[in-house]
Amino acid sequence: MTKIRKIVLTEDEMPKQWYNLAADIHCPPFMGPDGPVPPEGWEKVFPMNLVEQEYSTQRWIDIPDGIRELLTRWRPAPMHRAYALEEALGTPARIYYKNESLSPAGSHKPNTAVAQAWYNKEFGTKKLTTETGAGQWGSALSFACSLVGIEAKVFMVRISFDQKPFRKLMMQTWGGTCIASPSMETQAGRDILAKFPDTPGSLGIAISEAIEAAVSDPSGETKYSLGSVLNHVMLHQSIIGLEAKKQLEKVGEKTPDVIIGCAGGGSNFAGLAFPFVSDKMHGAEIDIIPVEPYSCPTLTQAPYVYDHGDTAKMTPLLAMHSLGHAFVPPPIHAGGLRYHGMAPLVSKAVQEGLMTPRAIHQLECYEAGLLFAKTEGIIPAPETTHAIAAAIQEAKKAKEEGKEKVILFNFSGHGLMDLVGYDKYLSGQLTDYNLPQSEIEKNLEVLKGYPQP
Ligand SMILES: *Cc1c(COP(=O)(O)O)cnc(C)c1O
């Protein structure tokens, strides 16, 4: 029999509804100074159609035809059987990966970017502001805004702005504006620069700037957009796992034994994993593993607390795992995984024992990325190498145990814009970072006196 390497779906088979884990898991409310924040509390920041989704506990939500049409530019995404990687590892495990690197921006991020741009257009928004770490989100949103005809303004974390100039050019090609953060354009940026002129920046700082730029527009026609963390983003990404289910079925696989995704804010991991979480809640035996860098160990070492989503404390408090909103992680190359917090839904699922997070060091991840590139062929984004490294650990474990496990991981993006990181790895300039417990504790001090979830 010929080996089926790519399991594809027709455009017609693309899911017509998103799955909302908030129907099955209940997160504590967003907290403001006066208690729980009602939907109207977000009016200046997000369009109300997206706020409604953020608060929704409806299990299935229809994907509007207009969004389905935008998604079919690259979806459904293929699922690959990693035969070559399996062979290199000599594992009895069957390894599958969902290939989200084929979107125009090169990652899973356009799945929510086009949805958010479309809802904003419907609402009457003229301009979207946002932050970006590695530049993936900024380019995804610039792409999406160009499709629906609204402006995009992106605050890019300084270190990535310097390390990854090509992403800035992608944003500009799609018509977006890209500014290094912290910048002099906002009060939040000016305050940080006054104190720390040489700061490499952080996602938390860039979020503060982007929110300020949106809410301070007196016309009310500028809104803010977040590429991860929030419930509506997890919802839009659920299309990954819903497609994956259909694809596994096509090749006669039942529920996978292990599901893996790298987790920065949690969205690509959630997108793949959430549709399977409800199976697990109904008795399926699945190990669900979010993977993070050792240098930014949000799920594995930080407590479940109430914290702000950004450094300048512009957002309400979110119940999540957090290293503290002032945390600035070491400058590892997986820029998209350098966030102090984690999606509330992912955090809650971890609290409920539905997932077992894992942290992996940078060098092991690059090593896994190289093996993947040399076998399967695609050069993974540094973020994605975390998922690959965990998949390899699991495949080796299956070999030791002599078990025919089915391992599914999310290939969140390609690394063609991140070759500077590969250069540093190949020339031996990268090291592993350990975050001392004392450093973690020091950063958590900012949370003294905060409510407990
Ligand atoms: C942004 C990004 C991530 C991390 O974001 P999540 O919201 O945790 O998914 C992971 N992989 C790639 C390729 C990214 O661009």
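I take helices (H or I, at least four residues) and strands (E, at least two) as DSSP runs, numbered from the N terminus. I am working on a predicted model, in which local features need pLDDT of at least 70, side-chain atom pairs count only at pLDDT 80 or more, and totals for chains, interfaces and linings use all residues. I number residues from 1 along each chain as its sequence is written.

**Entry: Ala389**

I located Ala389 in helix H16. I call a residue buried if 20 or more other C-beta atoms lie within 10 Å of its own, exposed if 12 or fewer, and partly exposed in between, with C-beta atoms placed from the backbone. Ala389 counts as buried because 27 other C-beta atoms lie within 10 Å. I then looked up its contacts (C-beta atoms, placed from the backbone, within 7 Å). Neighbours within four places in sequence aside, Ala389 is in contact with Ile360, Glu364, Cys365 and Ala368. From Ala389 to His361 I note 9.5 Å, C-alpha to C-alpha, across 28 residues of sequence.

**Entry: the ligand**

I count a residue as near a molecule or strand if its C-beta atom, placed from the backbone, lies within 6 Å of it. There are 21 residues around the ligand, and Gln136, Ser228, Ser267, Gly336 and Gly413 come nearest. Helices H5 (136-148), H12 (267-281) and H16 (382-401) each supply at least two residues of this shell. H12 gives the most, with three residues. For classes, I take Ala, Val, Leu, Ile, Met, Phe, Trp, Tyr, Cys and Pro as nonpolar, Asp, Glu, Lys and Arg as charged, and the others, Gly among them, as polar. The shell around the ligand then holds seven nonpolar, twelve polar and two charged residues.

**Entry: H5 against H7**

The axes of H5 and H7 (residues 165-173) come within 8 Å and cross at roughly 10°. H5 is therefore roughly parallel to H7, a term for angles under 35 degrees. Gly138, Ser139 and Ser142 of H5 meet Arg167, Met170 and Met171 of H7. I class the residues of this contact as two nonpolar, three polar and one charged.

I treat two strands as paired if DSSP finds at least two bridges between them. Four strands form an open sheet with parallel pairing, in the order S10-S9-S8-S11. S10 (177-181) and S11 (222-224) stand at the edges with a single partner strand each, so one side of each has no neighbour in the sheet. The twist averages 25° from one strand to the next. S8 (residues 127-132) is joined to S11 by three bridges, and Leu128 has Lys223 in S11 as its bridge partner.

Note on methods: Contact = placed C-beta atoms within 7 Å. Axes fitted to C-alpha atoms, helices over the stretch in contact; angles between N-to-C directions. Parallel < 35°, antiparallel > 145°, perpendicular 65-115°, else oblique.
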